[in-house]
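Let's walk through this model together, beginning at the place where its chains meet.

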Number of protein chains: 2
Amino acid sequence: MKKLKRSGRLVDMTYFLLQHPHEVISLTHFSERYQSAKSSISEDLVIVKEIFEDEGYGSLLTISGASGGVKFIPRIHPEQAEEFVNEVIEQLAVPERILPGGYLYMMDLLGNPKFIQRLGQVFASVLANQKIDAVLTVATKGIPLAYAVGQYLNVPVSIVRRDHLVTEGSMVSINYVSGSSKRIQTMTLARRSLAPGSRVFIVDDFMKAGGTIRGMMDLLEEFEAELVGIGVLVESVGVEERLVDEYMSITKLSNVDVRNKTITVEAGSVLDLLKTVELEENK
Amino acid sequence: MKKLKRSGRLVDMTYFLLQHPHEVISLTHFSERYQSAKSSISEDLVIVKEIFEDEGYGSLLTISGASGGVKFIPRIHPEQAEEFVNEVIEQLAVPERILPGGYLYMMDLLGNPKFIQRLGQVFASVLANQKIDAVLTVATKGIPLAYAVGQYLNVPVSIVRRDHLVTEGSMVSINYVSGSSKRIQTMTLARRSLAPGSRVFIVDDFMKAGGTIRGMMDLLEEFEAELVGIGVLVESVGVEERLVDEYMSITKLSNVDVRNKTITVEAGSVLDLLKTVELEENK
């Protein structure tokens, strides 16, 4: 790369940091990349840090020592998160979503990469200080959400399936009871797709009684993996017996009135959680 | 937002443009956001444009006229793409991937959000000048790839399923013949999830005879949608009768020798295509 002036360095640095979240980037890396003194690089980073933190894009942690450098932690400002959650609520409450049986059509939202990215950003923001090795979800609708979280946390995604595919090698299967229908079902995860001892965040689009998520938790035990947290886009409230205790949700769906065509949605627990997440360096 | 100096504007602008690919952003927007004169904004954009284009991050098109502004088109430099494709080839050729039946385990690659993002960038780069309204894929493994392309092109994703889900409302189903096994199968797409007349890019992780992709093409006709292109991560060569003519591939798999544990992979057609894509403004 040719030698750059500060203005050029700032553009390139911003691009680079956004592509490498949760990675320690050494000052030497930037210093060599731009053929500039480390003191200049440090000054650049102060500018980037100020904008990122003022605008709520995330924080830029300074890691000192021999292997030191900076680390970009993507975050979302609690106010922007609240605005986003309110938008989600408004969109979910549109009566045209109601399908026979009281289901809600959500593929317009789940099919929108920008929406999914924003969700990923919100979850990753709550998890900013946690050590996470992998994101786990179940096919099909949780997949895009899991990748968005994985992208912001810079960790791989593992996908649990309800069928058994020959193209994934040896699989670990468990039986689980679907909470609402009480039917026994099977879920599988490729042996190779999750390292033993991994610290895992589970994510899904929808949770009713929580049978599917409970199943994924049981599956984690088979992999000797550790559960760090659970996140869902929509939790259905008013469930008699919930199979999962601790989780965060973007929204809570309390009622779908098929006859009067009304949907009652409110904010989930994620907003309160966001406010409790302190930056590591502020501790 | 408070008034920013050039250095701060450059950081914020870079962040903003990366979040809004393929969208026209008016000079007025930036001018108001930073409380700065349009002439200063124009100078900022020249700096951003130079870095983006020199480093191969994409192009910044200037749109003149009353509704004018700038548009960020994410791209990848052909050399970087070649480097990436070579890395993919190297990774795919690892003998440990071979599964019984000659299948290849690919979830380590497909489960890596960074890898998936890079693939999306390559496809979006070839499609930089095309008008595309939606990306279509089939569950399960094509999904992350489809979202990465959709994210870079800033268009929604539609997911074809092999089962029929009650939570997606009315579905359009077709039968198709799986090219390799010659079995008749069914695929469905929610009526609401693709607007009639959409211009569609189809993407999947793997193509052998092309039966699944042929099925998606037939499904597009049911939606009166138009096919713009097809992209796959791996095409299996040496197929007797290919059901799809025009497509691009990242890699070509010509042989999996289960006994000697060797995999023969080479670069697909995407690299040559990339070189032929000219910037709109250079035409």
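Across the interface of chain B and chain A, 18 residue pairs are in polar contact, both at pLDDT 80 or more (N or O atoms within 3.5 Å, one able to donate a hydrogen and the other to accept it; residues adjacent in sequence count only if both atoms are side-chain atoms). Helix 1 of chain B gives the most to the side of chain B that touches chain A, with nine residues (helices are DSSP runs of H or I, at least four residues, and strands are runs of E, at least two, numbered from the N terminus).

A word on the ground rules: this is a predicted model, where local features need pLDDT of at least 70 and side-chain atom pairs 80 or more, while totals for chains, interfaces and linings use all residues. Residues are numbered from 1 along each chain, chains are lettered from A and ligands numbered from 1 as written, and side-chain values use heavy atoms, without hydrogens and water.

Charged pairs join in too: there are eight salt bridges between chain B and chain A (a side-chain nitrogen of Lys or Arg within 4 Å of a carboxyl oxygen of Asp or Glu). One of them links B:Lys141 and A:Glu168, at 3.5 Å from N to O.

The contact takes 61 residues from chain B and 60 residues from chain A (heavy atoms within 4.5 Å). Of the interface residues of chain B, 98% are also interface residues in chain A, so the copies meet through the same surface.

Now look inside chain A, where three strands form an open antiparallel sheet in the order 1-3-2 (strands pair if DSSP finds at least two bridges between them). Strand 1 and strand 2 of chain A stand at the edges with a single partner strand each, so one side of each has no neighbour in the sheet.
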